[in-house]
Every structure is written in C-alpha cells, then in structure tokens.
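The questions below ask how the labels used for this model follow from their cut-offs.

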Amino acid sequence: MNDIVSILIVDDHPLLREGVAAVLEAEPDIRVVGEAADGLDAIAQFERLRPDVVLMDLQMPGVDGVEAIAAIRAIAPDARVIVLTTYAGDVRALSALRAGASGYLLKSSLRRELIDTIRAVVGGQRYLHPEVAHDIAVNAIAEPLSEREIDVLRRVAQGAANKEIARALSLSEDTVKGHMRSIFSKLDVTDRTQAVTVAHRRGIIAL
C-alpha cells in the first residue's frame with residue numbers, strides 16, 4: 001500500500017464534493033487527486049488518474065453510479081469504490097455491491113465513518129453502513145418484484161390510474177390489478193401510497 005492514499009470524488013453536487021475534500025485533506029496520508037460530476041466523467045478520470053479509492057455517488061445524470069462502478073471495475077478489477085449516498089435502500093445497495101463496490105456509506109454519517117472506511121477498504125476489507133446491512137438482512141428472503149411489476153409501480157408513483165397504466169403498457173386492466181396485488185404482497189403493504197413509499201426507500205424505484 002502506498003504511504004499516500006489517492007482519492008477520486010464523484011458527485012454531481014459541487015458543495016458535497018468540496019465538503020468531502022475538506023474532510024479528507026485534513027488527513028496527512030490521504031490526497032484528493034480528482035473530482036467528477038457524473039458517471040461518464042468518473043470513468044474517464046479513473047482511467048487517467050488510477051486513484052487508490054473512488055468515492056461514488058449513485059444518483060447522477062446520464063451514467064449513474066452503479067453503471068460507473070461496473071465500468072471502472074471492468075477497467076481495473078481490483079479498483080476500490082466506496083458508495084456515498086443518501087439512500088439506505090437494500091435493493092440499491094445490492095446493485096452497487098454486485099457491480100463491485102467495496103463499501104457503502106450514507107452521506108449523513110460521512111464525518112464519523114469516511115476516514116475509517118477508506119483505510120479499511122484500502123486494507124482489503126469491505127464496509128456496509130449498519131442501517132444498510134440491516135435492511136439487506138431483513139429483506140434477504142423477500143421475493144423481488146418482477147420487471148413488469150416495477151414498470152407498473154413506476155407509473156403508480158407518477159400518479160397514473162390502473163386504466164392509464166393498462167393502456168400505456170398494452171395490458172388489460174385486470175392484469176394491472178393482478179400486478180398491484182402481487183406488489184402489495186411482496187412489499188407487505190396495503191395501498192398504493194405505501195407501495196411507492198416502501199419501494200422508494202428500498203431503492204426499487206426512484207422518485
């Protein structure tokens with residue numbers, strides 16, 4: 001391991017990047033070598049800079065964080081990427097981990113955990129925020145929503161009625177109702193608002 005750990009910060013909010021950089025630059029063994037505002041830029045910056053660790057937001061315009069993680073790991077299979085996000089959802093976290101992330105942190109806990117997580121990941125360990133780990137464990141045996149059910153739920157989140165969803169997806173209204181019953185059962189909810197709220201919290205859909 002090098003004496004100095006080089007960091008690439010990826011986030012579409014300049015103030016967040018500045019705040020993270022300020023925390024890191026107080027550490028004598030950590031140096032921020034680059035910043036990127038979206039996934040595409042992150043991939044290009046990684047290829048050019050080859051940092052020891054990438055700090056990656058997930059929700060960004062264009063190429064999102066999960067796609068960027070997968071692309072970076074394709075370039076360098078041993079790349080270390082730590083997700084920094086506001087979302088604790090288990091589905092979103094699992095997508096990032098499957099893409100190759102080594103750590104998953106919530107932005108609300110950055111100041112307390114960021115430095116320790118970077119050092120742990122550089123040392124070959126993995127780190128999951130406890131809230132995220134708990135959500136993954138709780139939902140591990142839950143039956144996932146199908147792609148069609150997710151399509152239906154996205155339209156519910158946009159305020160569409162069953163008849164509108166049926167027309168948009170070339171389905172019968174009864175089929176849409178069947179999908180809604182399945183969604184309610186899988187998410188353990190009793191109405192459309194709860195379904196959207198739970199699905200958003202878990203990272204199944206974005207609002």
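Q: How many salt bridges does a search of the whole structure find?
A: The search finds nine salt bridges, a salt bridge being a side-chain nitrogen of Lys or Arg within 4 Å of a carboxyl oxygen of Asp or Glu. The model is predicted: local features need pLDDT of at least 70, side-chain atom pairs count only at pLDDT 80 or more, and totals for chains, interfaces and linings use all residues. Residues are numbered from 1 along each chain as its sequence is written, and side-chain values use heavy atoms, with hydrogens and water left out.

Q: What makes D29 and R119 a salt bridge?
A: Their closest N and O atoms are 2.7 Å apart, and the limit is 4 Å. D29 lies in the loop between α1 (14-25) and β2 (30-36) and R119 in helix α5 (residues 110-122), so the pair ties together parts 90 residues apart in sequence. Helices (H or I, at least four residues) and strands (E, at least two) are DSSP runs, numbered from the N terminus.

Q: Why is D29 called partly exposed?
A: Its relative accessibility is 23%. Buried means under 20% relative accessible area, exposed over 50%, and partly exposed in between (1.4 Å probe, protein chains only), so D29 counts as partly exposed. R119, with 35%, is partly exposed too.

Q: Why are K186 and E149 called buried?
A: K186 has a relative accessible area of 16% and E149 has 5%; both values fall under 20%. Their side chains meet in a salt bridge, 2.9 Å from N to O. K186 is in helix α9 (residues 173-187) and E149 in helix α7 (residues 147-157), 37 residues apart.

Q: How far apart along helix α7 are D151 and R154?
A: They are three residues apart, which means about one helical turn. Their side chains meet in a salt bridge (3.2 Å, N to O).

Q: Which residues of helix α6 are buried, and why are they said to be on the same side?
A: In α6 (residues 130-138), V132, D135 and I136 are buried. They cover an arc of only 100° around the axis, which puts them on the same side of α6; the arc is that of the directions from the helix axis to the C-beta atoms. On the other side, P130, A137 and V138 are exposed.

Q: Which residues have the most contacts inside the largest nonpolar core?
A: They are V10, M56, I69 and Y104, in a core of 26 residues. A nonpolar core is a set of buried Ala, Val, Leu, Ile, Met, Phe, Trp, Tyr and Cys residues joined through side-chain atoms within 4.5 Å.
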